[in-house]
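Biologist: Hello, and thanks for sitting down with me. Could you bring the structure up so that we can go through it together?

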Amino acid sequence: MQFPSMLIGRYFTLAEFCTCSQTYQRYAAQIDPYPQNPQETIPALVALCEHILDPLVDEFGRDRIQLTYGFCSDDLRRFLERKDPETGRKNGRIYPPTDQHMGYERKRSGVYHCQKPGAACDFRGINIPSDRIVDWIVAQPLPFDSLYYYGRDRPLHISYGSQHKRAIWTFTPQGTPTRNGVEHWLQRLAEV
């Protein structure tokens, strides 16, 4: 990739977006983290930043919004699906058909990995509870596709694409998506 230092939006570089995950950090020497379909994927990442991350940073400050998982290259996807040799657990949870982390990357067959157009990232607030960030997102309302709330002290997942569904999900202890516990945010979105 020729432009890892390029800004995508006002605050984040392509390199930050592509190398922020723990799995990448652990296996960096073995992973090409950059898009192989940059002509479609980079504009999707720019749109995610412009419509979602830039407003968040404007509100909370650049030093208080930290990416924890951004773009997922095909190399990174393969490492996320593997088990850690020390713990025996998968390196990460990923579901390319819908989670939008792979943007517009294509399989060898030419079909997109993700069935939903757009891009996604996970981020956390430094000394800001995640529920406070969701309150702010809902109050704007930002035009997101999906937001995954994992808990007050956990990162948030947010995606941006053409659908602007503004769907908010949380998860049961078994990892099943549910809307239990996020009804108050859904109600506020319905009122806007």
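Biologist: In which helix is Ser130 found?
Modeller: This is a predicted model, in which local features need pLDDT of at least 70, side-chain atom pairs count only at pLDDT 80 or more, and totals for chains, interfaces and linings use all residues. Residues are numbered from 1 along each chain as its sequence is written, and side-chain values use heavy atoms, with hydrogens and water left out. Helices (H or I, at least four residues) and strands (E, at least two) are DSSP runs, numbered from the N terminus. Ser130 belongs to the run covering residues 130–139, helix H5.

Biologist: Is Ser130 buried or exposed?
Modeller: Buried means under 20% relative accessible area, exposed over 50%, and partly exposed in between (1.4 Å probe, protein chains only). Contact means heavy atoms within 4.5 Å, and Ser130 touches residues including Tyr149, Arg152 and Leu156. Its relative accessible area is 3%, so Ser130 is buried.

Biologist: Which residue of S4 does Gln66 stand opposite?
Modeller: S3 and strand S4 (residues 119–125) run antiparallel, joined by four bridges. In S4, the residue opposite Gln66 is Arg124.

Biologist: How many disulfides does the count come to?
Modeller: A disulfide is a pair of cysteine sulfur atoms within 2.5 Å. By this rule, the count comes to zero.

Biologist: How far from Cys121 is the nearest cysteine sulfur?
Modeller: Cys121 is buried, given its relative accessible area of 0%. Cys121 is in no disulfide, and the nearest cysteine sulfur is that of Cys49, at 7.1 Å.

Biologist: How far apart in space are Met102 and Cys121?
Modeller: Met102 lies in the loop between helix H4 (74–81) and S4, and is buried, with a relative accessible area of 0%. Met102 and Cys121 are 19 residues apart in sequence, and their C-alpha to C-alpha distance is 9.8 Å.

Methods: Two strands pair if DSSP finds at least two bridges between them. Lists of a residue's contacts leave out its neighbours within four places in sequence.
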